[in-house]
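Visitor: Please take me on a close look at a single part of this structure, and tell me along the way how each term is defined.

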Amino acid sequence: MDGKDLEKLLQESCKLQGVDCTRLRDAGWQGEATQRRFTIKNICDFILFDQGAIVYLECKHSKDRLALSRLTQQEDLMAKLSSSKPGLFAGYLLHICNETVYVSASAVDKFLSNGKKSINHKDALNIGQKVAPFTPKGARKPRLDIESLIYELKTPF
């Protein structure tokens with residue numbers, strides 16, 4: 001699975017579970033090869049809404065470890081979290097070592113302060129929440145249980 005496959009899996013999973021999932025596309029390059037202009041970059045890949053919660057979500061994929069330098073949306077996600085609105089969450093959906101883990105932007109912020117340069121599979125499981133797969137009736141391909149993830153995010157522990 002690559003990053004695009006993870007994004008597609010998230011969209012399919014949300015659709016099956018009735019979770020509102022809005023994809024924010026980066027505009028990237030526009031214009032001709034001789035005249036280019038840059039456009040703004042989005043805060044994240046997806047905005048999810050379910051159970052009264054809004055989740056700003058950036059998808060990242062890695063085989064064994066994810067370089068923290070790849071988390072370029074960290075400042076924007078932390079700015080969203082600083083508004084301290086109830087039911088607002090921001091973080092990363094990491095697919096690492098064939099497992100999917102949600103890691104909040106605030107957990108990444110604390111992790112960055114430890115001086116580490118990357119997140120490995122064990123680190124991701126320690127600072128994040130594993131997203132359980134489920135297979136819908138009549139299907140072969142497992143999907144992500146996004147409803148349960150949002151429920152867990154809303155439930156203080």
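Guide: Cys 59 is buried, with a relative accessible area of 8%, where buried means under 20%, exposed means over 50% and partly exposed lies in between, computed with a 1.4 Å probe on protein chains only. Before going further, please note that this is a predicted model, in which local features need pLDDT of at least 70 and side-chain atom pairs count only at pLDDT 80 or more, while totals for chains, interfaces and linings use all residues. Residues are numbered from 1 along each chain as its sequence is written, and side-chain values use heavy atoms, with hydrogens and water left out.

The cysteines deserve a word of their own. A search of the whole structure finds 0 disulfides, a disulfide being a pair of cysteine sulfur atoms within 2.5 Å. Cys 14 is accordingly in no disulfide, and its nearest cysteine sulfur, that of Cys 21, is 4.2 Å away; Cys 14 is also buried, at a relative accessible area of 1%. For Cys 59, the closest cysteine sulfur is likewise in Cys 21, but at 8.3 Å, which is too far for a bond.

On one side, 6 bridges join β8 to strand β7 (residues 88-96), and the two run antiparallel, pairing being assigned if DSSP finds at least two bridges between two strands. Within this pairing, Tyr 92 stands opposite Val 103 in β8.

β7 and β8 form a hairpin with 2 residues between them, and Cys 97 lies in that loop. Phi of Cys 97 is near 55°, a positive value in a residue other than glycine, and at 35% relative accessibility Cys 97 counts as partly exposed. Elsewhere, Gln 51 also has a phi near 55°; its place is in the loop between β4 (46-50) and β5 (53-62), and Gln 51 is partly exposed, with a relative accessible area of 32%.

Returning to β8, there is a further partner to consider: 2 bridges join β8 to strand β10 (residues 129-130), and these strands run antiparallel. Here Tyr 102 stands opposite Gln 129 in β10.

How values were computed: Helices (H or I, at least four residues) and strands (E, at least two) are DSSP runs, numbered from the N terminus.
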